[in-house]
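Hi,

Here is the structure I promised to pass on. Please open it alongside this email, and my notes follow below.

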Amino acid sequence: MIISKYAVAGMTLALTLAMSAGAGAGAAAKDDPLLRPIAPAAAARWLGPQVPVHVHGETYLVGFAGLNVALIRTDAGLILIDGAVPQAVPAIEANIRRLGFRVRDVKIILSTEPHFDHAGGLAALVRDSGATVLASAPAAAELRTGHGSDGDPQAGQLENFPAVPRLRAVKDGERIRLGSTVVTARATPGHTMGSMSWTWPSCVQGRCLDIVFASSLNPISAEGYRFTDPAHRPVVAAFRSTFALVRALPCDILITAHPDQSGGDLKVARLRRSPTPNPYIDPAACQTYADKYQALLDARLRQEQR
């Protein structure tokens, strides 16, 4: 039986934290190589415990205060989006079960980017569920090795992560079907050249809304990297193309890989206070998101040119 969103909202964060800590301790005792913590000090600021969040229709969040992991229920199984860091997997799986699902019901895992904070847990989730990971071709090449590209703006400060088995590369615009649910892949390069966002319709009582799970658009980099370097013009061009695409997407509900990048942290707090009106419904959200990070890129370029 599926737990109602009201029952889920009533569960305490303390319970989630206790269960996650216990699962993590057991994994550590067994020295599971797929659950070994990556950058624990940095990851701690993302992994604030969060009970499952019912966003709309059959879409839920099963991740954390600082890292979104989405779940879509279909009539043929579950679709998961992103996998956080390895040490987060027990809590993700606990949240899946808390909604009344089985981890083995996860058939597809969609990846937004090949960075350890979003892809580090994929290998363990694949092992535990038997799912196949779908990603862009450039991202799939990095996920297979667990090592980022040397051309990544953040190269040099990225952590390696467990290599991901059961991978399939998908193209921009490709439609992924599970049962009657269709998710569309949308290439959104820039933050990484393999970044992919995912869109799908969510219908309730005949009213359908477009949901976007967007990859990061943040133009951050390792120290010494210069976006104004002529060799990095393709990265800047990719960002600009992505900003335009995200603005144009049908977008009633936006979920971002890091919730605070699009006010998701505030939306969760508002949703817990009152589910109506649904704070996630905002047709201007994608445009606001693209505008925010285009302004940051423009500021970075101006700074480098001084």
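How many helices and strands does the protein have? There are ten helices and twelve strands. Please keep in mind that this is a predicted model. The radius of gyration is 18 Å, close to the 19 Å that the globule rule gives for 306 residues, so the protein is as compact as a globular protein of that length. Along the principal axes, the C-alpha atoms fill a box of roughly 55 × 50 × 35 Å.

Of the 306 residues, 55% count as buried. Among contacts with a separation of 6 or more, 69% are between residues 24 or more positions apart. The accessible surface comes to about 13,100 Å², with 55% of that belonging to carbon and sulfur atoms. As for charge, the mean positions of the 31 positive and 26 negative charges are 5 Å apart.

His 118 is found in helix H5 (residues 116-119). Is its side chain on a buried or an exposed residue? His 118 has a relative accessible area of 1%, under the 20% cut-off, so it counts as buried. Its side chain makes a polar contact of 3.3 Å with the side chain of His 258. Beyond its neighbours within four places in sequence, His 118 is in contact with residues including Leu 67, Asp 82, Ala 84, Glu 113 and His 258.

At 2% relative accessibility, Ala 84 counts as buried. Gln 205 also has a positive phi, near 50°, but at 84% relative accessibility Gln 205 counts as exposed. You will find Gln 205 in the loop between strand S10 (196-204) and strand S11 (207-214).

Next, helix H6 (residues 122-129): six of its eight residues are buried, so H6 is largely enclosed by the rest of the structure. The buried ones are Leu 122, Ala 123, Ala 124, Leu 125, Val 126 and Ser 129. They pack against several elements, among them strand S4 (77-81), helix H4 (89-98) and H5. Just after H6, Gly 130 takes a positive phi of about 80°.

Pro 277 lies in the loop between helix H9 (264-273) and helix H10 (285-304). Most peptide bonds are trans.

Best wishes

Key:
Residues numbered from 1 in each chain as written. Predicted model: local features only at pLDDT ≥ 70, side-chain atom pairs only at ≥ 80, totals over all residues. Heavy atoms only, no water. Helix = DSSP H or I, 4+ residues; strand = E, 2+ residues; numbered from the N terminus. Rg over C-alpha atoms; globule rule 2.2 N^0.38 Å. Buried < 20%, exposed > 50% of the residue type's maximum accessible area, 1.4 Å probe, protein only. Contact = heavy atoms within 4.5 Å. Areas by Shrake-Rupley, 256 points an atom, 1.4 Å probe, with all protein chains shown as cover. Lys, Arg positive; Asp, Glu negative; His and termini not counted. Charge placed at Lys NZ, Arg CZ, Asp CG, Glu CD. Polar contact = N/O pair within 3.5 Å; in protein donor to acceptor, adjacent residues only side chain to side chain.
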